[in-house]
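Dear colleague,

Please find below the structure that I am handing over to you.

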Amino acid sequence: MDSEMTLQPPRAGRREWIGLVVLTLPMMLTSIDTTVLHLALPHIGAALEPSGSQLLWIVDIYALLLGALLLVMGTLGERVGRRRLLLIGAAGFGATSILAAYSTSAGTLIFARALLGLFGATLMPSTLSLLRNMFHDPKQRTAAISFWMASSMVGTVLGPAIGGIMLDYFWWGSVFLMAVPVMALLLFLGPAVLPEYRNPESGRLGVVSVVLLLVSMLSVVYGIQQFTEDSSDGTAVGVFAFGLVAGGFFVWWQGKEKDPLLDLRLFGSRTFSVAVAVVTLGLFAMSGVYFLLGQFLQSVGGMDPGEAGLAMMPTALASIVGVLGTPVLLKWIPRRPLITADLTLAALAIGVLTQIEADTAVWVVVVVGAVVSLGIGGAMSQCADMIMGSAPVEKAGRASAIQETATQVGVGVGIAVLGGITTAVYRAQLSDQPMGELPGNVARAAEDTVGAGAAAAGRLGGSPGDELLHAVREAFTSGVHVTATVSGLLMLGVAVLAGATLRNAPRHGGEVAPGSADAEGVDAGPADVAGAEEVAGVVDSAGAEGSADAAGAVGGEGEEGAGTTVTRADGRG
């Protein structure tokens with residue numbers, strides 16, 4: 001080989017692109033699951049009559065367990081095989097969705113959602129880490145990650161539309177059954193088109209680390225939610241403080257572990273660190289808006305589920321535009337100003353929500369949601385690309401787990417905090433609204449959640465019911481104002497953070513400029529040098545099929561490190 005020849009990473013072939021389509025199935029599913037849940041919340045509140053805290057747990061427990069276990073599953077996938085773990089998770093997720101659909105109490109639904117978080121944690125890192133192993137060319141990887149993220153947005157489009165129709169004609173549990181055929185399709189196609197990657201020497205699973213992470217996250221969220229239920233509860237403050245201490249001890253313990261659950265060395269790259277921070281804080285701010293949107297359209301705007309589902313479709317479509325438009329815009333606009341503009345756009349749109357009233361036209365709220373999604377979609381697409389591109393390929397599982405953990409922690413804690421703020425303001429404002437004399441059970445229902453309050457007003461009927469519905473809508477709108485103020489300011493702060501720290505961010509992946517701060521961070525790993533050198537000639541002459549086989553060869557000898565086993569989709573090593 002000519003020593004002067006420019007080394008190029010292998011390009012993906014037909015098999016990789018077909019595999020990418022299959023990897024979008026679990027992404028689409030989890031988006032559908034989250035979207036339809038938000039749409040179904042008023043119906044769950046009316047049917048199961050959960051307390052305000054239980055309603056938040058129904059939403060939060062999934063994201064929290066998902067976030068806490070993603071790091072574990074990233075390591076486990078490297079040991080048992082990423083494809084195998086993906087398929088195990090698909091089977092469990094489908095079965096548990098049936099349990100959630102037929103829950104008869106708030107406690108059972110919370111338990112089912114916890115199991116969904118467990119199995120969902122096997123899906124996320126497997127899809128993104130497999131993608132990282134399948135696409136080595138930076139431009140192809142940027143396009144693949146954008147397509148992968150767009151599939152999530154497709155789920156958010158299909159979720160409200162299908163979920164709204166199902167809620168119009170069936171019971172609330174039917175929305176969970178949509179996961180069953182999707183998971184069945186993944187189980188059928190996955191073994192045929194997805195390669196297997198494993199690294200038996202990836203390290204052991206740290207039980208202490210897992211326990212510390214779970215205790216920290218659950219304690220913090222429990223403390224927040226209990227505080228919103230009763231601000232005078234000293235136990236809530238104590239549990240919250242305990243969670244913070246456990247979280248600090250978790251980070252300290254990772255620095256002592258030989259095989260840490262959270263590989264702190266990855267944060268040696270500024271690009272990686274800032275991207276993780278933007279994902280966590282940005283989705284924290286956004287989660288409050290998404291949590292309130294479906295409830296506002298139905299309980300305040302008076303829409304039925306089908307109408308609300310259709311009204312939420314522009315929000316999802318805008319996300320797709322933001323994600324798929326990112327690779328195109330990066331051809332002309334550098335990473336730093338583009339991601340800053342995306343986040344600023346989202347912050348300004350959230351600010352509009354501070355000015356809406358209970359009788360504001362619903363199209364205004366829909367447009368605001370769409371603009372927020374447009375900005376967030378573009379920003380999160382870039383962050384995912386930076387996170388995966390900054391990590392060595394043999395640590396793709398760890399990096400993808402960190403990325404997904406940041407996502408779920410941001411969403412889970414964001415809903416707990418911002419949802420708790422909305423609930424607290426709603427209850428305080430409701431008590432100040434003129435409602436006349438109400439039966440005790442009606443008053444208690446109205447104080448729990450806006451969905452339960454609207455349902456109680458409907459059962460009450462007549463003039464008292466109209467007065468109660470007006471009070472519920474005004475109180476919830478006040479909660480939206482406060483939450484939007486907090487979310488908008490935080491999102492603006494994230495935009496400033498990105499603009500101030502991503503000075504050397506590359507246009508694609510995690511490539512860094514020589515001499516930049518990032519160049520002194522995480523090493524490129526053996527795949528980026530030895531792998532490219534070994535197959536550069538093969539890629540030039542073999543075409544698409546040769547590219548796929550060359551990629552498999554690199555994975556076996558350079559990418560995953562010693563002891564790695566790489567199996568092609570056809571079963572041959």
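The accessible surface of the protein chain comes to about 20,900 Å², and 65% of this area belongs to carbon and sulfur atoms. Such areas come from the Shrake-Rupley method with a 1.4 Å probe, and for residues only the protein chains shown count as cover. This is a predicted model, in which local features need pLDDT of at least 70 and side-chain atom pairs count only at pLDDT 80 or more, while totals for chains, interfaces and linings use all residues. Residues are numbered from 1 along each chain as its sequence is written, and side-chain values use heavy atoms, with hydrogens and water left out.

The protein chain has 17 helices and two strands. Both are DSSP runs numbered from the N terminus: helices are H or I with at least four residues, and strands are E with at least two. Of the 573 residues in the protein chain, 60% are buried. Buried means under 20% relative accessible area, exposed means over 50%, and partly exposed lies in between (1.4 Å probe, protein chains only). Contact means heavy atoms within 4.5 Å. Among contacts between residues at least 6 apart in sequence, 84% join residues at least 24 apart.

Helix α9 covers residues 270-300. The expected span of a helix is 1.5 Å times one less than its number of residues. With 31 residues, α9 should therefore span 45 Å, and its end C-alpha atoms are 44 Å apart, which agrees. At Leu 292, α9 bends by about 30 degrees; the bend is the angle between axes fitted to the seven residues ending there and the seven starting there. Because 25 of its 31 residues are buried, α9 is largely enclosed by the rest of the structure.

Helix α15 (residues 450-460) has several buried residues, among them Val 450, Ala 452 and Ala 457. Gly 451 is also in α15, and it counts as buried because its relative accessibility is 9%. Leaving aside neighbours within four places in sequence, Gly 451 is in contact with Pro 42 and Ser 299. Gly 451 and Ala 46 are 405 residues apart along the chain, yet their C-alpha atoms are separated by 6.7 Å. Just after α15, Gly 461 takes a positive phi of about 70 degrees.

Ile 145 lies in helix α5, which runs over residues 138-169. Is Ile 145 buried or exposed? At 1% relative accessibility, Ile 145 counts as buried. Beyond its neighbours within four places in sequence, Ile 145 is in contact with Leu 131, Ser 381, Ala 384, Asp 385 and Met 388. From Ile 145 to Gln 382 the C-alpha distance is 9.1 Å, although 237 residues separate them in sequence.

Together with Ile 98, Tyr 102, Tyr 169, Phe 170 and Trp 171, Ile 165 makes a nonpolar surface patch of about 720 Å².

Yours sincerely

Definitions and conventions
Patch = residues over 30% accessible without salt bridge, like charges linked within 9 Å, V, L, I, M, F, W, Y side chains within 5 Å. Salt bridge = Lys/Arg side-chain N within 4 Å of Asp/Glu carboxyl O.
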